[in-house]
Structure formats: structure tokens, C-alpha cells
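Hi there,

Here's the structure I promised to pass on.

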Amino acid sequence: MQPANPPPTVERMNLFDGTAKLMTMSDQAWARHANPWSVYTRMATLPLAALAVWSRLWLGWWALIPIGLVIFWVWINPRLFGVPARTDNWASKVTFGERVFLNRKAVPIPAAHVRWGYGLSAVSGLGLLPLAFGLWRYDLSLTLLGLVLTIGAKLWFVDRMVFLYDAMKDADPTYAGWLR
């Protein structure tokens, strides 16, 4: 016998979904983020964040200012640059692939791309451990190791997003419309 009111199902939220919600990216923000200037300048974010945290050695509590500026940069960067005239380049396709990956529940993507996405994100996340410990202990070797692991895996991830977009651009008319 089934209960009259079955419990509601809980949709599992993952890190990708949570990050996307925090960024509050509109279609216009995504279009602007496809600007190569947005993509390439964003690559400096983690080293700048590490430097901002490390600056507590010299600045004490004033280090919260550069830390706050880095957090603001993460949010403003996708909105800062104009919509690019052309999007047939690697950097623009990176952002398109990220959008396709985030939309994988609505338009399924090949399982291999999901595995790559999660696997490279896990490696990148593991790099945060030596990075955080290195920043806490002012250990330059661990900090650099963490940066290399995290950034290296992230760069590999975004490169895979280009492959994902190229594989999926014809799966949905919206995807194809991003390329010009």
C-alpha cells in the first residue's frame, strides 16, 4: 500500500550547480563572458587570490581588502567585457562548453564528457589541499604545488569544454546560435 502523500524527492545539487547559482549568470552575462579578454584575464584569479591571502603576512587584517577585490573580480569579470563580434575561437568555445555542461540535465551530453568534467574537477579540487595548507603555513613549495595542480586541471577542464561544445553544438539550436 502506497502512502497517500509520498515524501517529496530531493534533487541532488552538485558543486557545478551551486557555483552557477552563486554567479547568477544571465544570457547577457554569458554572452559577455564569451569575450576572450574575459576568459584569459580570469585565468589570473587563483594566483591573485593566493597572493591576496598570503598578503596577510604583510598587511594583517588589511589583507581582507585584496581578498575582497579578488572575490569581486570573480563576479564582475564575466560581465565586464563587451559581447565579442566573433565567437569562433578557443576562448569563446570554452564558455559555450561550460554552458553546455551546466545544461546537461536538460540536454544530455555524452557520458565521457561528464566523466572528464568530474574527474578534472576532482583533481583541481585536490590541488586546493596543498594550496590551502601552503597558504596557511606560508609554505611557498606547497602553495605553488597547489596552484599548479589546481590551475593545470582547470585548464585541462576548460580545454575539454571546447571538445564538448564542438560535439554538442548541433544538438540544440540554441547552442549552434552562439557561434558566429
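Below is what turned up, starting with the core and moving on to the salt bridges and a pocket.

One thing to keep in mind: this is a predicted model.

Let's begin inside. The largest nonpolar core has 17 residues, and V100, I109, L164, Y165, M168, Y175 and W178 touch the most other members. Helices α7 (90-102) and α9 (140-168) are the elements that give two or more residues to this core, with α9 giving the most, seven residues. As background, nonpolar side chains in soluble globular proteins tend to be buried together.

Now the charged pairs. There are five salt bridges. In one of them, D166 pairs with K93, with the closest N and O atoms 3.2 Å apart. D166 sits in α9 and K93 in α7, so this pair ties together parts that are 73 residues apart in sequence. K93 counts as buried because its relative accessibility is 17%, under the 20% cut-off. D166, at 32%, counts as partly exposed.

Last, the second largest pocket. About 220 Å³ of space lies in it, and 10 residues line it, with M25, W30, R99, L102 and N103 nearest its centre. By class, the lining has six nonpolar, two polar and two charged residues.

Definitions and conventions:
Residues are numbered from 1 along each chain as its sequence is written. This is a predicted model: local features need pLDDT of at least 70, side-chain atom pairs count only at pLDDT 80 or more; totals for chains, interfaces and linings use all residues. Side-chain values use heavy atoms; hydrogens and water are left out. A nonpolar core is a set of buried Ala, Val, Leu, Ile, Met, Phe, Trp, Tyr and Cys residues joined through side-chain atoms within 4.5 Å. Buried means under 20% relative accessible area, exposed over 50%, partly exposed in between (1.4 Å probe, protein chains only). Helices (H or I, at least four residues) and strands (E, at least two) are DSSP runs, numbered from the N terminus. On a 1 Å grid over the protein atoms alone, a cavity is a set of points where a 1.4 Å probe fits but cannot get out, and a pocket is an open set with protein on both sides within 12 Å along at least five of seven lines; lining residues have an atom within 4 Å of a point. Grid points are joined across faces, edges and corners, and a volume is the space filled by probe spheres set on the points. Ala, Val, Leu, Ile, Met, Phe, Trp, Tyr, Cys and Pro count as nonpolar, Asp, Glu, Lys and Arg as charged, and the others, Gly among them, as polar. A salt bridge is a side-chain nitrogen of Lys or Arg within 4 Å of a carboxyl oxygen of Asp or Glu.
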